[in-house]
There are 2 protein chains.
Amino acid sequence: MEERTLSTNRIYEGRILSLDLMNVEMENGVKADREIVRHCGAVAVLARLPDGRFAMVRQFRKPLDQHMLEVVAGILEPGENPDYAARRELKEETGYDACSLERVGGIYPSPGYTDEHIEVFFAELDGDADPSDLDHDEHVELVLLSRSEIERKIQEEEIKDGKTLAAWLLCRKLL
Amino acid sequence: MEERTLSTNRIYEGRILSLDLMNVEMENGVKADREIVRHCGAVAVLARLPDGRFAMVRQFRKPLDQHMLEVVAGILEPGENPDYAARRELKEETGYDACSLERVGGIYPSPGYTDEHIEVFFAELDGDADPSDLDHDEHVELVLLSRSEIERKIQEEEIKDGKTLAAWLLCRKLL
């Protein structure tokens with residue numbers, strides 16, 4: 001059953017997201033309101049070093065007022081190609097360049113109320129790069145983890161970020 | 001590095017979500033704005049029938065203007081216990097009762113801009129129940145899939161909902 005748009009009221013237009021209130025009509029004639037967050041889109045990258053460890057980041061997330069352990073990720077700049085954004089975020093957040101980058105899928109984190117879409121990649125990093133090049137405007141801590149450490153942190157709910165869990169699943173075939 | 005709240009401006013207060021604009025100060029003294037979606041919370045349930053198939057749902061998602069194949073899920077009613085919500089959503093969306101329900105984790109779908117939290121469960125369904133009890137206010141189509149069909153649909157990106165991918169990962173140990 002589809003929903004036809006009757007009206008759209010933009011409540012807020014911001015930097016990374018906007019909020020629309022929509023009135024819709026279902027195929028059975030019933031009308032309903034929808035609160036919809038429009039998002040600029042993002043990339044997420046599970047990145048592996050030559051020694052087999054994965055490069056993740058720990059950062060403070062204001063919506064939760066807590067630190068989260070996540071794959072490298074970031075929002076798309078206007079008009080930016082997702083591949084380019086993935087390489088840019090890897091460099092900014094880990095200091096490393098990607099030797100290879102492969103798209104493994106695309107996810108919608110919360111399709112009930114937002115159109116946010118995240119392109120997900122697997123990257124092999126150049127371990128000879130110098131992570132001291134780290135962009136100090138990025139307030140993230142680089143965390144290097146083995147495969148078994150990641151599995152344990154998922155089990156113990158230290159890793160609880162949705163895109164990180166989805167990326168781990170989508171990259172299985174490459175690990 | 002934490003972020004101290006300097007001010008909060010509630011732009012919108014709605015039914016399932018609200019929007020706050022926050023001004024924060026980082027530990028290095030730099031100030032920044034944060035656009036934060038406050039969400040009422042949700043549950044997601046990977047549900048298995050006695051014949052081994054999984055009960056998923058296909059529904060129209062207005063933010064994407066497309067149908068999505070997802071695990072059973074729904075938002076928490078005010079004050080509702082997540083276990084209760086999981087059993088309620090199973091009944092409403094599939095028509096089946098749960099014989100058993102086990103929490104497998106909790107996820108934050110998009111911690112960069114929202115506090116939305118989803119409690120994730122694995123349920124064994126009572127296959128003798130009558131799915132004709134289906135709540136006809138729920139505009140969802142019940143879809144029964146084998147394990148290999150789900151794996152294929154993940155691979156082919158027909159399943160691309162973040163919580164469904166995360167639930168599939170978190171339930172691995174029980175399948």
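In the hairpin formed by S4(A) and S5(A), five residues lie between the strands, and Gly52(A) among the residues of this hairpin takes a positive phi near 95°. Helices (H or I, at least four residues) and strands (E, at least two) are DSSP runs, numbered from the N terminus. This is a predicted model, in which local features need pLDDT of at least 70, side-chain atom pairs count only at pLDDT 80 or more, and totals for chains, interfaces and linings use all residues. Residues are numbered from 1 along each chain as its sequence is written, chains are lettered from A and ligands numbered from 1 in the order in which they are written, and side-chain values use heavy atoms, with hydrogens and water left out.

Buried here means under 20% relative accessible area, while exposed means over 50% and partly exposed lies in between (1.4 Å probe, protein chains only). In a regular strand, side chains alternate between the two faces of the sheet. For S4(A), both faces are covered: Ala42(A), Ala44(A), Leu46(A) and Arg48(A) are buried on one side, and Val43(A), Val45(A) and Ala47(A) on the other.

**The three-stranded sheets**

Chain A also has an open sheet of three strands in the order S1-S2-S3, with antiparallel pairing. S1(A) (3–13) and S3(A) (31–39) stand at its edges with a single partner strand each, so one side of each has no neighbour in the sheet. On average, neighbouring strands of this sheet are turned by 25° against each other, direction ignored; axes are lines fitted to C-alpha atoms, for helices over the stretch in contact, and angles run from 0 to 180 degrees between N-to-C directions. Nine bridges link S2(A) (residues 17–26) with S3(A) in the antiparallel sense, and Leu17(A) stands opposite His39(A) in S3(A).

In chain B, three strands likewise form an open antiparallel sheet in the order S1-S2-S3. There, S2(B) (residues 17–26) is joined to S3(B) by nine bridges, running antiparallel, with Met22(B) opposite Arg34(B) in S3(B).

**A residue in strand S5 of chain B**

Gln59(B) sits in strand S5 (residues 54–61) of chain B. Is Gln59(B) buried or exposed? At 11% relative accessibility, Gln59(B) counts as buried. Beyond its neighbours within four places in sequence, Gln59(B) is in contact (heavy atoms within 4.5 Å) with Gln66(B), His67(B), Met68(B), Glu70(B), His139(B) and Val140(B).

**Chain A as a whole**

Stepping back, chain A has three helices and nine strands, which follow the pattern β-β-β-β-β-β-α-β-β-β-α-α along the sequence. Its C-alpha atoms fill a box of roughly 60 × 30 × 30 Å, taken along the principal axes. Of the 175 residues in chain A, 54% are buried. Among contacts in chain A with a separation of 6 or more, 57% come from residues 24 or more positions apart.

Notes:
Two strands pair if DSSP finds at least two bridges between them.
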